[in-house]
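I'll take a few spots one at a time.

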Amino acid sequence: RLVTGIPMPPIPEPPPLPDVEIPAPWLAIGHDEEPYITIVNSLTWQKVIVHFEIPGPARAVLFNYDSSLLYIGHECPPYFTVVETAGWTEVPLEGSSEAVASSSDRISTWDIGTVTGLAQTADSERSLLALAHQCPPYVTVFDTLTWQVVSAGMPELPMSISRVTFSPNSQTMLITDMCRNRRWIDTADFAEWHSIASRGRAATFMDDDTLLLGNEPIDYYAES
């Protein structure tokens with residue numbers, strides 16, 4: 001029961017809600033049959049209507065650091081497609097596009113082969129994108145602010161690679177080739193590959209740039 005005439009203290013304003021960054025809910029799935037890639041809203045699990053096409057099966061998909069772009073590596077030329085997620089339209093990589101600056105080294109003129117792996121640095125100020133592909137030099141690194149190749153002087157690898165990743169501080173790039181040999185290179189100059197003695201498929205960087213490796217067992221044998 002309410003009693004009148006008794007002064008009540010004012011109700012304080014609630015504290016402001018903390019700023020919480022909600023990640024984009026998109027999920028990209030590459031597959032062998034047309035349309036070769038499917039985008040799903042993971043909050044509603046509804047398929048997203050897109051306004052682009054890729055010419056062959058998608059072999060690698062990756063959103064950029066703020067999910068404004070989707071990178072797709074696929075079979076069939078030009079082997080690599082960039083999509084703007086605001087309207088799900090393809091971004092031209094040459095010509096007079098304002099979204100992506102043109103370059104004298106235009107991706108569409110390269111016969112790099114199927115792109116099988118993608119990796120991007122987490123630092124938006126130094127936005128490097130690595131493409132692992134089937135033809136020499138087997139890995140190519142771009143600065144996505146200008147789409148200039150920054151790995152032109154990198155020594156060529158002996159075979160195609162299956163995996164590429166960057167360290168959290170963007171200073172190291174690690175690759176795994178098709179024979180499960182692993183190498184790393186300093187991204188400051190891309191001057192020299194350094195081999196890792198052990199072989200294996202699993203490799204990941206921790207937040208403090210520590211590298212964790214999953215190694216294959218050593219084959220022991222005896223001659224008869």
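So, over how many bridges do strand 10 and strand 11 pair, and in which sense? Strand 10, residues 139-143, pairs with strand 11 over two bridges, in the antiparallel sense. Quick caveat: this is a predicted model, where local features need pLDDT of at least 70, side-chain atom pairs count only at pLDDT 80 or more, and totals for chains, interfaces and linings use all residues. Residues are numbered from 1 along each chain as its sequence is written, and side-chain values use heavy atoms, with hydrogens and water left out.

Back to the strands, which are DSSP runs of E, at least two residues, numbered from the N terminus; two of them pair if DSSP finds at least two bridges between them. Val149 in strand 11 is the bridge partner of Phe142. The whole open sheet has four strands in the order 8-9-10-11, with antiparallel pairing. Strand 8 (115-120) and strand 11 (148-149) are the edges: each has a single partner strand, so one side of each has no neighbour in the sheet.

Next, Asn64, in the loop between strand 4 (58-63) and strand 5 (69-74). Asn64 is buried, at 7% relative accessible area (buried is under 20%, exposed over 50%, partly exposed in between, with a 1.4 Å probe and protein chains only). The Asn64 side chain has a polar atom 3.0 Å from the backbone nitrogen of Ser67. Skipping neighbours within four places in sequence, Asn64 is in contact (heavy atoms within 4.5 Å) with Leu69, Tyr71 and Gln120.

Last one: Pro35, in the loop between strand 1 (26-30) and strand 2 (37-41), is exposed, at 52%.

How values were computed: Polar contact = N/O pair within 3.5 Å; in protein donor to acceptor, adjacent residues only side chain to side chain.
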